[in-house]
Amino acid sequence: MSATDIAPRSLRTERLALRPTSGSDADRAFDIQSDWEVTRMLRTMSFPPDRTEVCRWFADHPRQWLAGEAYRFAIELDGQVLGMTYLDAISEGKANLGYWLDRAHWGLGYAFEAAQAVVRFAFDDARLVRLRAGHAYDNTASGRVLVKLGFKPLDTVQRNSQSRGETITQHRYVLEAHVSS
């Protein structure tokens with residue numbers, strides 16, 4: 001099975017529903033990303049967010065899924081979108097893992113729970129062999145999520161943060177698929 005053979009599908013965890021994102025999620029994402037405390041941790045997003053750009057980005061998610069370029073999931077609790085988790089920059093069996101949540105839902109284990117489901121999807125369904133992830137130096141909570149998921153520290157680099165408009169220190173991690181014999 002190749003990355004382009006995976007039909008869009010939803011995932012379930014103990015508390016959450018994860019479903020492929022669509023253009024209709026753009027307004028909720030815009031609301032979440034309008035919170036500086038959320039968006040300052042998202043290196044490639046603008047602050048304040050541009051509604052037209054957010055809508056354009058979400059409208060392209062179904063095409064990206066079908067092309068095997070990215071798998072993006074809306075994280076829902078009781079029918080309310082809390083945030084998003086995703087695999088993107090998919091190439092040669094590797095992808096980036098990312099996640100973000102509405103600040104009202106931080107610290108409740110939702111990021112770990114949703115990302116854990118997507119890691120399983122990455123290795124079991126998408127047959128990826130390596131995941132990469134990173135977090136800003138001052139986002140230690142995200143680092144704890146990655147370590148709990150089994151990611152290993154890779155390095156620390158200087159990266160441009162679009163949201164902050166400056167260079168930041170980013171801690172990067174990797175997770176290899178477990179190959180059973």
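This is a predicted model: local features need pLDDT of at least 70, side-chain atom pairs count only at pLDDT 80 or more; totals for chains, interfaces and linings use all residues.
Local features need pLDDT of at least 70, side-chain atom pairs count only at pLDDT 80 or more, and totals for chains, interfaces and linings use all residues. Residues are numbered from 1 along each chain as its sequence is written, and side-chain values use heavy atoms, without hydrogens and water.

A nonpolar core is a set of buried Ala, Val, Leu, Ile, Met, Phe, Trp, Tyr and Cys residues joined through side-chain atoms within 4.5 Å; buried means under 20% relative accessible area (1.4 Å probe, protein chains only). The largest core has 37 residues, and Tyr71, Leu87, Leu97, Leu131 and Phe151 touch the most other members.

| Element | Residues |
|---|---|
| Strand E3 | 71-77 |
| Strand E4 | 80-91 |
| Helix H5 | 110-125 |
| Helix H6 | 140-149 |

H5 gives the largest share of this core, eleven residues. Another core, of twelve residues, lies apart from it and includes Ala26, Val38, Met45 and Tyr86.

In helix H1, Ala26, Ala29, Phe30, Ile32 and Gln33 are buried. They lie on the same side of H1, because they cover an arc of only 165 degrees around the axis (taken from the directions from the helix axis to the C-beta atoms). These buried residues pack against H2, H3, E4 and E5 (contact means heavy atoms within 4.5 Å).

Conventions. Buried means under 20% relative accessible area, exposed over 50%, partly exposed in between (1.4 Å probe, protein chains only). Helices (H or I, at least four residues) and strands (E, at least two) are DSSP runs, numbered from the N terminus.
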